Every structure is written in structure tokens, then in C-alpha cells.
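Here is a short briefing for a first look at this structure. Keep the sequence and the 3D view side by side while reading.

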Amino acid sequence: MRISSLDGMKALAIFCVVVIHVSSAFVNLADESSVLWWVSATMQSAVFWPVPVFVMASGYLLLAPGRDSAAGFYKKRLHSTFIPAVIWLAFFFVWDHLVRGYYSSPNDIVKTLMFGHVSDHLYFLFVISGLYFITPPLRGMLNHQAPPRYLLFFALAMLTFWVVHVLFNRYLESWARTSASITVWYLGYFLLGYAYRRYEEEGQSPFSQRFALAVLVVAIVLSALSKGYEASGTEGYIKYYYANSYFSLLLVPLAVVIFPLMLRSRWVARLGENAITKVVAQASFGIYLVHMVFIDIWHIIMESFQPF
């Protein structure tokens, strides 16, 4: 049984993923004095929530009790996630070597796998594979009868821990992580998705709509300003290690409130009932994996174009 709100949410999320990577061509070239840069930075900040939403949607769907056995769960994920993950990792190792000149030695490949930095977007494979791996035991550990506010508090406490951790990283300018630890980072979002499901089942809402909308607007504005701060005094290409972190002080509140807003949105639910939207939602994982190939091809075409 498909949930229209989640289908609409996934379709919007994968659209935003593409927008983020396309707009990066403007935002990552630090020229914060131009109007185009600020428009691009604000637009990017407004849509910088897809990965947490994908993770929360998985928690919403998979952590509920009474689903298939652990063996059945792993068998399904073996064909839908684990095997495709290995294939796509291998593909992008070859693609990035040929197109971007990455991975000059086997040692580079080993280090990349250890830190989960394959291509610009495949860290998500490590996140989702790790979360799926721990889902059956995690499902058994949860108290599914407890009030949802306890699970909400625990999930937010986990996210707060990583917010503080990333703040220290920002101060120390150290961004190291491993392909294994990244799963733990996103566990708070995973549990949060299930907490929202429990609220839905009890006919409650974790936040008022007015409060959620206010947090959303403030987070978008401050995120754009944070990009401007990181870009200030920088020449050439810039990586926004803090402003674009899904565990920054700005993007965590944005992700936390946007999921229940869209979950209860009639417009998102109607969007999810559209036949095309359903197809996009079902294909969102594949689109996420392959879209960077088309962006790379576009960049190659544009760089080779020489006007007369």
C-alpha cells in the first residue's frame, strides 16, 4: 500500500536533489557580491532537505511492527538495495576515473570506500545500506506502545549531539567520517521518521503548523546567509562544509519541520496521487544514483563549447 503524501514527498525530494547539484555550478563559484549568487544560494538553501527526508520516509515505513521477518526483510533489500549499491559503486569508480581523473591507484579506492566519499552523492548508499542492515534488530528494540513524544525527544537528542559535533568540526576545520560511522549520524533522522508515524497514528502533530513554517523560513534565510559568510573572502571554487551539512545548526531544524509539514499537506498528497508522480517516486532511488552522470555530461558539453 502506497502513501500519497510520501510519494509526493519523494518526487519533490528527487527534484530538489537535481536542483541542488545544478545550482552548485553557480553557488560554489564564490562571488557572493552578485545578485545571481544570492538568488542561487537562497534557492539552494530552500531545497536543501532531500536526504534527511528520504531517510525519515524510510524510518516512517520500515520501523513499524508487524512487517516481514528479518530474513524476509534482508532478502528484499539484497535485491533492491545491497546488490545495486555494489554495482553503482563500481560504475562510479570507473566513471569518476575516466571523467574526473579520480582514483589513480588501488589505495585511493580503498580510502574512498573507508570514508564513504565515492563520487559527490554516493555517501547515501552507505547511509541507507547501514540503516537497512540494523532495521530488524532496531525494530525489535523499540517500544511501539510508548507515547511518540519519547521517541521524538530521543531522535532530536541524537540529532542535537551531531549538531554539536559538526560545530566542533567547523571550529577545528576537521570533517573526517567513515563509511560505517555515517550510518550512526543519520540514525536520528531514521527514528524521527517513525516518531512522526506514531504521531499520525494517534491523530496528533508534533509541532503547530505556524511554528513549523516560522522555523522553515528562518532556517532558509540563515542558511543562505551562512553560505555568504563561508564564501566571503574566498576566491574560486568553494566547498560549503558547514552551510551544506545536514547536521548544521541551520539545516537540522529545516529538515525536522519540513517532513511533518509535507506529510500533512493536502497539496503534497494530491501531488502524490498523480500517475507521473508515482512513477517518479518509485524511481527516485534510481534517479538519485544516475542523475550525476547526466550533469557531468552536460558540464563536458558546455566546457567544450567554444563560441565563435
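In this predicted model, the largest nonpolar core has 87 residues. Tyr186, Tyr189 and Phe259 touch the most other members of that core. Helix 8, residues 181-201, supplies the largest share of the core, with 12 residues.

**Core**

- Leaving aside residues up to four places away in sequence, Tyr186 touches Val51, Val55, Tyr123, Val127, Leu131, Tyr246 and Phe247.
- In soluble globular proteins, nonpolar side chains tend to be buried together.

**Nonpolar surface patch**

- A nonpolar patch lies on the surface, formed by Trp38, Val217, Val218, Val221, Leu222 and Leu225.
- Together these residues have about 510 Å² of accessible area.
- Helix 9, residues 209-231, gives the largest share of the patch, five residues.
- Leu222 is found in helix 9.
- The relative accessible area of Leu222 is 39%, so Leu222 counts as partly exposed.

**A buried loop residue**

- Asn28 sits in the loop between helix 1 (4-27) and helix 2 (35-46).
- Is Asn28 buried or exposed? Asn28 counts as buried, because its relative accessibility is 7% and the cut-off for buried is under 20%.
- Asn28 and Ala41 are 13 residues apart along the chain, and their C-alpha atoms are separated by 9.1 Å.

**Salt bridges**

- How many salt bridges does the structure hold? There are seven.
- Side chains of opposite charge can pair when their charged atoms come close.
- Arg100 and Asp96 form one of these salt bridges, at 3.8 Å from N to O.
- Both Arg100 and Asp96 belong to helix 4 (residues 70-100), where they are four residues apart, about one turn of the helix.
- Arg100 is partly exposed, at 23% relative accessible area, whereas Asp96 is buried, at 0%.
- Glu201 and Arg198 also meet through their side chains in a salt bridge, at 3.5 Å from N to O.
- Glu201 and Arg198 are both in helix 8, three residues apart, about one turn of the helix.
- Arg198 is buried, with 7% relative accessible area.
- A network of salt bridges links Arg197, Arg198, Glu201 and Glu202.
- Another salt bridge joins the side chains of Arg264 and Glu200, at 3.0 Å from N to O.
- This pair links distant parts of the chain, 64 residues apart. Arg264 is in the loop between helix 10 (251-263) and helix 11 (266-273), and Glu200 is in helix 8.
- Arg264 is partly exposed, at 47% relative accessible area. Glu200 is partly exposed too, at 30%.

**Aromatic pairs**

- The structure holds 21 aromatic pairs.
- One of them is Phe48 with Tyr246: the ring centres are 5.3 Å apart and the planes are at 45 degrees, so this pair is tilted.
- Which parts of the chain do Phe48 and Tyr246 tie together? Phe48 lies in the loop between helix 2 and helix 3 (50-62), and Tyr246 lies in the loop between helix 9 and helix 10, so the pair ties together parts that are 198 residues apart in sequence.
- Phe48 and Tyr246 are both buried.
- Trp88 and Phe92 make another tilted pair, because their planes are at 35 degrees, with ring centres 6.0 Å apart.
- Trp88 and Phe92 both lie in helix 4, four residues apart, about one turn of the helix.
- Trp88 is partly exposed, at 23% relative accessible area, whereas Phe92 is buried, at 0%.
- Ring pairs also link Phe161, Trp162, Trp185, Tyr186, Tyr189 and Phe247 into a cluster.

**Where the topics meet**

Note on methods:
Residues are numbered from 1 along each chain as its sequence is written. This is a predicted model: local features need pLDDT of at least 70, side-chain atom pairs count only at pLDDT 80 or more; totals for chains, interfaces and linings use all residues. Side-chain values use heavy atoms; hydrogens and water are left out. A nonpolar core is a set of buried Ala, Val, Leu, Ile, Met, Phe, Trp, Tyr and Cys residues joined through side-chain atoms within 4.5 Å. Buried means under 20% relative accessible area, exposed over 50%, partly exposed in between (1.4 Å probe, protein chains only). Helices (H or I, at least four residues) and strands (E, at least two) are DSSP runs, numbered from the N terminus. Contact means heavy atoms within 4.5 Å. Patches are made of residues with over 30% relative accessible area and no salt bridge: like charges are joined within 9 Å, nonpolar side chains (Val, Leu, Ile, Met, Phe, Trp, Tyr) within 5 Å. Accessible areas come from the Shrake-Rupley method with a 1.4 Å probe; for residues, only the protein chains shown count as cover. A salt bridge is a side-chain nitrogen of Lys or Arg within 4 Å of a carboxyl oxygen of Asp or Glu. Rings of Phe, Tyr and Trp (its six-membered ring) pair if their centres lie within 6.5 Å; planes under 30 degrees apart count as stacked, over 60 as edge-to-face and the rest as tilted.
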